[in-house]
Each structure stands twice: as structure tokens, then as C-alpha cells.
Amino acid sequence: MWQFFHKLGSPKWFYGISTRLMPWLLVIGTALLMAGIVWGLAFAPKDYLQGDSYRIIFIHVPTAFLAQSAYIMMAVAAVVTLVWRMKLADVFVKAVAPVGLVITFLSLFTGAVWGKPTWGTWWIWDARLTSMLILLFLYGGVIALDRAINDEKSAARAVAVLVLVGVVNIPIIKYSVEWWNTLHQPATFKLTEKPSMPAEMWVPLLLAVLGMYLIFGWLACIRMQTEILAREQKTRWVKDLVMAGRH
Amino acid sequence: MHPIRKKRLTIVLFLLAGIGVAVGLTTYALRQNINLFYDPSQIAAGEAPHDVRIRAGGMVEKGSVVRDPESLKVRFRVTDFQSSVPVEYTGILPDLFAEGQGVVAMGKLDAGGSFVADQVLAKHDENYMPPEVAESLKKTADGQPVANGAAQSASY
Amino acid sequence: MAFDSFSAFLTMGGHGPYVWSSYGAFFVLMAALMISSLRRRRAMLDACRRNFMCQGKEPGRADRPAATFTRVEVSQD
């Protein structure tokens, strides 16, 4: 197990394995996401109360899930950076933060556009929406802090600490709708219970969520590869790689 | 595990625990401010301040909506199945506003204990279903009104 | 199909602008994110290759001009 852990820390090994993995992530992820979206938009029945505006759920929930999951992954990587000083963990945090920023923005935006016709307002300062906005600022803060520090090692540690401090926000987002009165409704998808919607609605939603995770995996791989190349551009294996013309 | 790494891991865990406790205590202390709205029970118990802009939330009581025929004025009662508060509002209601649906109203409690709202938002629950299913559920529920009421109070 | 016609699909029961603007934002931003990530890796690979090619030439050759506006290799980060 430890050997695998050390192998995982090797940028060269990661570059090779991710190159082989990426086509699969992209193709299967796009197929699942598109299947979920087309099914959800055109074939799923409309909701008895909200009519067709609820179809925004098929992108709102995948982006909201991923916005939080990506942060949890970053927090795990931050622990690895601080404790084991593994370079690849820091590369992951750096590569994923902009993706998290865009996806969090999308979940807020789709939520606002969905809120207008259903609730009657674009925005309200309830616990769920506010904690999600804090998540957006956390992603922005991670990116800004990383850019502000020139030294690679100090930047890695400072960013890791910021990511860890921000991780308390994740349970607040998740449980905000249960702990406090909010305008936002509780979760439809729960790990322990059956979803509170029929299968012809939750199956496409699940497909879209899975597709989104795979596309996120692809984005993480390609951005990590870029970062690895930047850091290892003087090494022998990068020379062999680029001179052979293989990508 | 290497002793240095063990030490670093302990520091990280303490950091996390410390932040967790600090944020937990803060949000606990601010819990009433974080709540978006007051329940009708809280208002009935006198927990909500008068003449200050607050939000009240709950279900629109069935059969309580009275619309003024000449203007956009509407009166209804908001309930949490224990207490209820009368609400007055003038303006356009959201599409999802209906008897038996959740609402969050923003406004002031007047001296008489009724709530004068200047904004009414619809609050929906986490349940989604096709119209046909909702229709047939309604039919079966009309046969057993008790079970329906219990289910609604649990999901609001 | 949950809709009777294509125009009903576009109108989305009166919620068309909301549904389509959120899907539009989703596709535009996701595509932008993916394309920019691809381009950045390509640019990085090219930069690395150029680096090694320059190194491959013998350094300090006499015909090399002393000061021109030749490409300066500056790390992009």
C-alpha cells in the first residue's frame, strides 16, 4: 500500500497513467452528462407544482454536488501536502481550484435563475445560499493566495492551511437546510434514503451527476499535467516525452 | 509512520478540531440570526419582535386565502400546524403560491398580532413528481384525510 | 417525449428563458473551461519542446546576434 502511495507521488508515473485514463473519462463523462441532460430536458415528466422550470435541477444539482466534492478532495490533498509533503497533492489543489470556482459559480447562477420563477426572488440571504457564496469566495481566495506567493513551497503550505480552514464550511452547506430555517428546500438525494422523486426523474439526474464527476476527473488530469510539465520542464523524462512528439 | 509526519498530522488534526469548535460555537450563538424566518409558534410565543422587519414562514392554511376583489390585497393564515398567524399582503404572489404550500413572508408584526407583508416568497419542498402521480395521490389522500395531514406536517 | 411539439419544448411551459439561460451558461462555461485547459497544456508542451531545441544547439555560437528581440524563455507561471 505504501509503495502505491509513493508511486502516486511520482509526477512521471502520474503523467503516464493519466494520459491513458483521460480519453475514457472524457468520452464516458460527456456521454453520461449529455444522456442525463437530454433525458431530463426532453423526456422526464414535468413536476406537478413547478412545471418545466424544475428541469434546471439536471444541471443545478450536479454542479452543486461537485462544487462541494471538489473542495473535500482539495482538503484531503491539503492534509497530504502538510503531512507528507507530496508534490502531487499540491499540484492537485492548484489545478482544481479554478475548476471549483467555475462550477460553484454555475451552481449559484443556475440556482438564482431557478429561484426567480419558483420562489419569486433571484437571491435571498438564507443559510444555504450564503454558505455556498462563501464556498465561491474560498475558491477565489485559494487561487489568489497561490498567485500571491512566489516561492513554490511556501505557497503550497499557505494554500493548504487556507483550504483546511475553509473545510468547516462544507458541513455547514450540507446541513444548513436541516439546522436552520431556510428558503432552500432540503436535499432530494440522500445517501441513506430513497430519493424523493420518481425514477424517471432521478435516473437522468444521477446520470448527469456521474457524468459531471468524470468530466471533473478529466479536467483535473489535464490541468495537473500542465502544472507538472511547468514544474518538471528541465527533467529528462519531460525531454523524452516532448521530443518523441507524444502527448 | 515517521515521527515527524505523525507530529504534523497531529497539528493538522488539532487545527481542524479547533476551527470546528470555534465555528460550531459561533453558529450556535448566532442560530436565531441565521434562521431565515420565524415559525408561527415562535411568533405566538412572543419570540418575534414587533415593528421590526422580520420574516415569517410556514404553510398557507387551507381555506384561509381571501382575495380582495378590487385590489391586489390578499389575506391568509400561515400555520405550522400548531399555531397560525394572519398575514396581509398587497402585490403579486409567486406562481407557486397556493393553499397548503410553504411561504416565507417579509414584513412587520403589527400591534394586533397580524403580519403585514411587503414580500411573499414561495417555499417548496424536496419532493418532485409528475402531475399524474400528484393527481392520483390526491385522490387516494382524499379518502384518508388523516394520513395526508400527518404526511404534510412531516414534510413541510 | 414530455412535450407535444418542438415549440412547446422551446417554451418550456412559459419558463423557457430561465431554463435555456441556465443551460446556456452551463455549456458555455464548461466548454470554455475544457478548451482553455486543453490549450494551456498544448502551450506548455510547445514551450518545453522549444526549450529543449534551444539547448540542443551549441551554446555561444559566433553567428548568434548579441541583442535582438528574440524569444525570451520566461516561465508562464
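I started with A:Phe43, which counts as partly exposed because its relative accessibility is 45%; buried means under 20% relative accessible area, exposed over 50%, and partly exposed in between (1.4 Å probe, protein chains only). This is a predicted model, where local features need pLDDT of at least 70, side-chain atom pairs count only at pLDDT 80 or more, and totals for chains, interfaces and linings use all residues. Residues are numbered from 1 along each chain as its sequence is written, and chains are lettered from A in the order in which they are written.

I placed A:Phe43 in helix 2 of chain A; helices here are DSSP runs (H or I, at least four residues), numbered from the N terminus.

Next I looked up the nonpolar surface patch. A:Phe43 forms it with A:Met34, A:Val38, A:Trp39, C:Met1 and C:Phe27, over about 560 Å². Helix 2 (residues 11-43) of chain A gives the largest share, four residues.

Then I turned to helix packing. I found helix 2 and helix 8 (residues 199-231) of chain A packed at about 150°, axes 7 Å apart. Helix 2 of chain A and helix 8 of chain A are therefore roughly antiparallel (angles over 145 degrees count as such). Their crossing is left-handed, meaning that the near helix is turned anticlockwise from the far one by less than a right angle.

I also checked helix 4 (residues 87-118) and helix 5 (residues 127-148) of chain A, which pack at about 150° with axes 9 Å apart. That makes helix 4 of chain A roughly antiparallel to helix 5 of chain A. I noted a left-handed crossing for helix 4 and helix 5 of chain A.

Methods
Side-chain values use heavy atoms; hydrogens and water are left out. Patches are made of residues with over 30% relative accessible area and no salt bridge: like charges are joined within 9 Å, nonpolar side chains (Val, Leu, Ile, Met, Phe, Trp, Tyr) within 5 Å. Accessible areas come from the Shrake-Rupley method with a 1.4 Å probe; for residues, only the protein chains shown count as cover. A salt bridge is a side-chain nitrogen of Lys or Arg within 4 Å of a carboxyl oxygen of Asp or Glu. Helices (H or I, at least four residues) and strands (E, at least two) are DSSP runs, numbered from the N terminus. Axes are lines fitted to C-alpha atoms, for helices over the stretch in contact, and angles run from 0 to 180 degrees between N-to-C directions. Angles under 35 degrees count as roughly parallel, over 145 as roughly antiparallel, 65 to 115 as roughly perpendicular and the rest as oblique.
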